[in-house]
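Hi everyone, thanks for making time.

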Amino acid sequence: MVVRLCSRGGLLPRLLFSPQKPKIYVPTAGRKAAYGTVTSAKVSVNGIHLHYQQTGEGEHAVLLLPGMLGSGETDFAPQLKSLNKNLFTVVAWDPRGYGHSRPPDRDFPVDFFERDAKDAVDLMKTLKFKKISLLGWSDGGITALFAAAKYPSYINKMVIWGANAYVTEEDERIYQGIRDVSKWSEKARKPLEALYGYDYLAKTCEKWVDGIGQFKHLPDGNICRHLLPLVQCPTLIVHGEKDPLVPRFHADFIHEQVKGSRFRRITSSLFVCGAEDQTRAARMPGKRATT
């Protein structure tokens with residue numbers, strides 16, 4: 001079974017328009033996308049020219065946050081195409097150093113998730129959205145947690161999957177297993193190689209492994225576990241039981257620590273949202289995504 005958040009009547013619309021909080025109205029000023037089209041642009045935010053894609057004319061603004069090495073086009077093509085454009089205005093961004101938000105090259109200081117969260121929020125404020133919801137996976141899910149905790153008045157609702165709030169020895173072993181992109185399957189490597197070129201992809205993947213690994217050396221392997229009790233918005237946490245990179249205990253921990261959050265467990269297959277999710281599984285020896 002393939003579960004997609006982009007379904008018009010599926011998981012995401014049901015969460016975002018549940019009665020937990022009123023709908024948020026988005027002003028017409030600053031909109032770049034016409035109904036039924038996806039437009040791309042760059043805007044200066046915090047000294048960086050950030051690239052984003054935008055579509056829809058709905059009253060509910062949703063920011064899509066990609067995973068490690070990802071971009072809006074590689075991670076969220078199905079959502080940009082299929083999320084209801086009457087209900088949502090959808091923005092997919094490329095974090096600094098990823099996708100088309102280059103230069104600069106991607107780096108990973110210890111505060112890179114917090115930096116990404118500030119960039120993401122400031123991007124949406126620059127685009128004149130008064131309040132937003134977040135849809136983030138993998139590193140984008142972690143960034144979403146930072147944003148929800150640090151900017152609670154600005155975040156309406158949130159859906160995350162494939163995220164973790166700390167790093168364990170088991171995680172570190174998994175990360176080392178994807179360090180060398182030459183060992184990835186061609187199916188996994190080619191889309192990102194087309195975006196970045198082989199050298200930048202290989203270099204940045206190694207830097208990511210080192211960057212995420214640095215949290216293992218902090219107390220309790222902490223990334224954002226101290227921030228989870230500060231999240232106030234309605235939150236849905238989704239976990240695919242066959243996720244090859246993020247063990248179930250991470251989703252359980254986030255669910256326990258984020259007050260009032262809801263948890264959805266996908267048991268019959270790897271949770272697949274888009275092309276990058278399938279790439280994620282293909283990177284792991286002996287693992288393959290359901291298509």
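I'll go through the sheet, then the helices.

Quick housekeeping: this is a predicted model, so local features need pLDDT of at least 70, side-chain atom pairs count only at pLDDT 80 or more, and totals for chains, interfaces and linings use all residues. Residues are numbered from 1 along each chain as its sequence is written, and side-chain values use heavy atoms, with hydrogens and water left out.

Okay, the sheet. Eight strands form an open sheet with mixed pairing, in the order S1-S2-S4-S3-S5-S6-S7-S8. Helices here are DSSP runs of H or I with at least four residues, strands are E runs of at least two, and both are numbered from the N terminus. Two strands pair if DSSP finds at least two bridges between them. Which strands sit at the edges? They're S1 (38–45) and S8 (262–266), each pairing on one side only. S8 pairs with S7 (residues 235–240) in the parallel sense, over five bridges, and Gly 240 has Ile 266 in S8 as its bridge partner.

Now, what lies on that sheet? H9 does: it touches S6, S7 and S8, and its direction makes about 165° with that of S8. Contact means heavy atoms within 4.5 Å. For angles, axes are lines fitted to C-alpha atoms, for helices over the stretch in contact, and we go from 0 to 180 degrees between N-to-C directions.

Next up, H5 (residues 139–150). Eleven of its twelve residues are buried, so H5 is largely enclosed by the rest of the structure. Buried means under 20% relative accessible area with a 1.4 Å probe, protein chains only; over 50% is exposed, and in between is partly exposed. What do those buried residues pack against? Strands S3, S5 and S6, plus helices H4, H8 and H9.

Finally, a helix pair. The axes of H7 (residues 186–196) and H8 (residues 198–213) come within 7 Å and cross at roughly 110°. That makes H7 roughly perpendicular to H8, a label covering 65 to 115 degrees; under 35 is roughly parallel, over 145 roughly antiparallel, and the rest oblique. From H7, the contact uses Arg 189, Leu 192, Glu 193 and Tyr 196, while H8 brings Tyr 198, Tyr 200 and Leu 201.
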